[in-house]
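I opened this entry to look up cavities, the ligand site and the domain layout. My notes follow the structure.

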Amino acid sequence: MRRRWTTALAAIALTALVPATAGPAQAAAPITTAIYTADPAALVVGNTLYLYTGHDEAPAGGTNFVMRDWHVFTSTDASTFTDQGAKMSLATFPWAGADAWAGEVEPHNGKYYWYAPVNGNGPGWMDIGVAVGNSPTGPFTDAKGGPLISDSTPGSSPLNIDPTVFTDDDGQVYMYWGSYYGVRAARLNSDMISLNGPVVTPQGVSNFWEAPWMFKRNGTYYLAYAANDSGCSAPGYACVRYATASNPMGPWTQRGVVLDQVTSTTNHPAIIEFNGQWYMVYHNAGAPGGGNFRRSVTLDKLYWNADGTMQKVVQTTGPIGGGGGQPPSGTNHALTATASTSYVSPWETLGAIKDGYVPSGSADHSHGAYGNWSHQGTEWIEYQWPTARTLGKVATYWFDDDQGIDLPASCQVQYWNGSAYVNVPGQSSCGVAGSTYNVTTFTPVSTTRLRLNITSRPGYSTGVLEWMAL
Ligand code: FUB
């Protein structure tokens, strides 16, 4: 008999037992409120960020998924998104009949392969199909004429959904997928529509529930996935955990939670770098009229620790990079700069000013800080790049330890004009407020070096937690 039990239905049943105090997290701004979207996958091609999403069409009060097609959204600033329309649907797979669930697109040899779980018309429930197109927006056609993965695939998952496809530097392509605690992995042939070897169960992906997302950074493989253990989410909800490995097939080491539970019972990550900034793309129930079967894709900035672990994503309630304690939007060139200074105390860490951490306040030394105690007067910090960057803004989060380091009296931004440091033209007020990002704008300059001169208050030294160059 065909199974009809869904991940979210199970979650709903459990949710009924949850006391009100176990309420969901705050909702972030959706990429659209025109339709309900879910299960994001992200891809950068050229200067465009593509989000491939599912499409929730359940009626208000509906108790099951109604998903018939997938949409493509594009953005050049990760802030505003354009719906390019339903670029793939169940009709793309003539052998399938329902459940257009969580897919992902992978480029290969100039084509774009869209892997998607669907309810096949054959035996079993969910299968994974693959379509191919000549551009990131298609048009997409069935590449295989039948499932790539089905319940009859030896060693497959208890629920064959949520494929994530990853191409390593040597060109080998890997696919991870699964649900019901059954993560699976296999190599793909370069035709992208057949397996190269057996299906395996990768080791060490602890607490895996579903929704894997694989990527690589600085030689380390990362696998983020939805988990629903009591250590990370209320019953019926899911968080996003992640694991790392030195080999694409594992073994994996679980590293913790990168996204807490959201307002929908399901949770689904896509992690990507775009214009020098990392993002967590996910869904929640935050749009007007939203719910567990009327979800909305959203994204928030993701920051790294110096040891290669990810900081837990802060779920925002408004536009990315909104004011207050949040960093401003834009490409932060500090992340790719080399930092230097006139003086740093031996126990402090200059590199902390460019690790992308979002401090909780000016006394937040948890991720290190630049400090120049016991120097007083004017000291400077500087960024240098191998090639010129166009810069028109800095954001400075001052360090204040309520002891020898205090907020500065004043500051001045300078740039290297090719032969000397000069003040940036048209500089706005160089803010010295505590516990916030002080944004200083100026007429954009093209330079390989940017400097911040910091003048202390009498009797104190100065320090910086984050210095962004945008
Ligand atoms: O959208 C249907 C299913 O819900 C997806 O395949 C899962 O990842 C969960 O988000």
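I counted four cavities of 30 Å³ or more. For this I took a cavity as a set of points, on a 1 Å grid over the protein atoms alone, where a 1.4 Å probe fits but cannot get out. Points are joined across faces, edges and corners, and a volume is the space filled by probe spheres set on the points.

The model is predicted, so I note the limits: local features need pLDDT of at least 70, side-chain atom pairs count only at pLDDT 80 or more, and totals for chains, interfaces and linings use all residues. Residues are numbered from 1 along each chain as its sequence is written, and side-chain values use heavy atoms, without hydrogens and water.

I then checked the second largest cavity. It holds about 50 Å³ of space. Its lining (residues with an atom within 4 Å of a point) includes Gln277, Tyr303, Asn332, Tyr437 and Glu466. I sorted this lining into seven nonpolar, three polar and one charged.

Next, the ligand. A polar side-chain atom of Asp39 sits 2.4 Å from a ligand oxygen. For Asp162 the distance is 2.6 Å, and for His268 it is 2.8 Å. The protein covers 100% of the 280 Å² of accessible area that the ligand has on its own (Shrake-Rupley method, 1.4 Å probe).

Last, I looked up the domains, whose bounds come from an automatic or database assignment. Domain 1 spans 36–302 and domain 2 spans 333–469. Their C-alpha centres are 39 Å apart.

Notes: Polar contact = N/O pair within 3.5 Å; in protein donor to acceptor, adjacent residues only side chain to side chain. 1 Å grid on protein atoms, 1.4 Å probe; cavity = no way out; pocket = protein on both sides within 12 Å on 5 of 7 lines; lining within 4 Å. Nonpolar A, V, L, I, M, F, W, Y, C, P; charged D, E, K, R; others polar.
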